[in-house]
Amino acid sequence: MADRTPRLRGKEWDTLRIATLNRDGWTCAYCGKHLEGKDAQADHILALENGGENALYNLVAACGKCNGTKSD
């Protein structure tokens, strides 16, 4: 089994999350809701567990509801 990309935490993740939200206009990629505060999340398109990476091309802005209802 190949090593998977580690999940980012802290400032490094916050920087990538904000870059994703800015790129996507603070709008959920799944439902179109305007995002604010803690509801503004960055979601991995291809999960880290499935070989995805912590990179802008693999992230989209998502609301908490949409991000919480999808699976790997």
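**Notes on the predicted model**

1. Asp-43 is buried, since its relative accessible area is 7%, and this in a model that is predicted throughout. The residue belongs to strand β1, which covers residues 41-44. Its side chain makes a polar contact with the side chain of Tyr-30, at 2.5 Å. Beyond four places in sequence, Asp-43 touches Tyr-30, Asn-58, Leu-59, Val-60, Ala-62, Asn-67 and Lys-70.

2. Ala-61 lies in the other strand that I looked at, β2, made up of residues 59-62, and with a relative accessibility of 0% this alanine counts as buried. Once neighbours within four places in sequence are set aside, its contacts are Thr-20, Leu-21, Asp-24, Thr-27, Cys-28, Ala-29, Leu-35 and Gln-41. The C-alpha atoms of Ala-61 and Ala-40 are 7.0 Å apart, although 21 residues separate the two in sequence.

3. Which residues make up the largest nonpolar core? The set has eight members, namely Leu-21, Cys-28, Leu-35, Ala-40, Ala-61, Ala-62, Cys-63 and Cys-66. Apart from this core lies another, of five residues, including Trp-13, Leu-16, Ala-42 and Leu-59. In soluble globular proteins, nonpolar side chains tend to be buried together.

4. The cysteines deserve a careful reading, because a disulfide would require two cysteine sulfur atoms within 2.5 Å, and the count by that rule is zero. For Cys-28, which is buried at 4% relative accessibility, the closest cysteine sulfur is that of Cys-31, and at 3.8 Å it is too far for a bond. Cys-66 also counts as buried, with a relative accessibility of 16%, and its sulfur is 3.5 Å from the closest cysteine sulfur, in Cys-63, which is again too far for a bond. Cys-63 in turn touches Cys-28, Cys-31, Lys-33, Leu-35, Asp-39 and Gln-41, when residues up to four places away in sequence are not counted.

5. How many salt bridges does the model contain? The count is two. In one of them Asp-24 pairs with Arg-23, the closest N and O atoms being 2.8 Å apart; Asp-24 is partly exposed at 23% relative accessibility, and Arg-23 is partly exposed as well, at 42%. A salt bridge also joins the side chains of Asp-39 and Lys-33, with 2.8 Å from N to O. Here Asp-39 has a relative accessibility of 22% and counts as partly exposed, while Lys-33, at 42%, likewise counts as partly exposed.

6. Turning to the chain as a whole, there are two helices and two strands, and from the N terminus on the elements follow the order α-β-β-α. Among contacts between residues at least 6 apart in sequence, 58% join residues that are at least 24 apart. Of the 72 residues, 35% count as buried.

7. The overall dimensions can be stated in two ways. The C-alpha trace spans about 40 × 25 × 20 Å along its principal axes. The radius of gyration is 12 Å, which agrees with the value near 11 Å that a compact globule of 72 residues would have.

Terms used:
Residues are numbered from 1 along each chain as its sequence is written. This is a predicted model: local features need pLDDT of at least 70, side-chain atom pairs count only at pLDDT 80 or more; totals for chains, interfaces and linings use all residues. Side-chain values use heavy atoms; hydrogens and water are left out. Helices (H or I, at least four residues) and strands (E, at least two) are DSSP runs, numbered from the N terminus. Buried means under 20% relative accessible area, exposed over 50%, partly exposed in between (1.4 Å probe, protein chains only). Contact means heavy atoms within 4.5 Å. A salt bridge is a side-chain nitrogen of Lys or Arg within 4 Å of a carboxyl oxygen of Asp or Glu. A nonpolar core is a set of buried Ala, Val, Leu, Ile, Met, Phe, Trp, Tyr and Cys residues joined through side-chain atoms within 4.5 Å. A polar contact is a pair of N or O atoms within 3.5 Å; within protein, one must be able to donate a hydrogen and the other to accept it, and residues adjacent in sequence count only if both atoms are side-chain atoms. The radius of gyration is taken over C-alpha atoms; the globule rule is 2.2 Å times the number of residues to the power 0.38.
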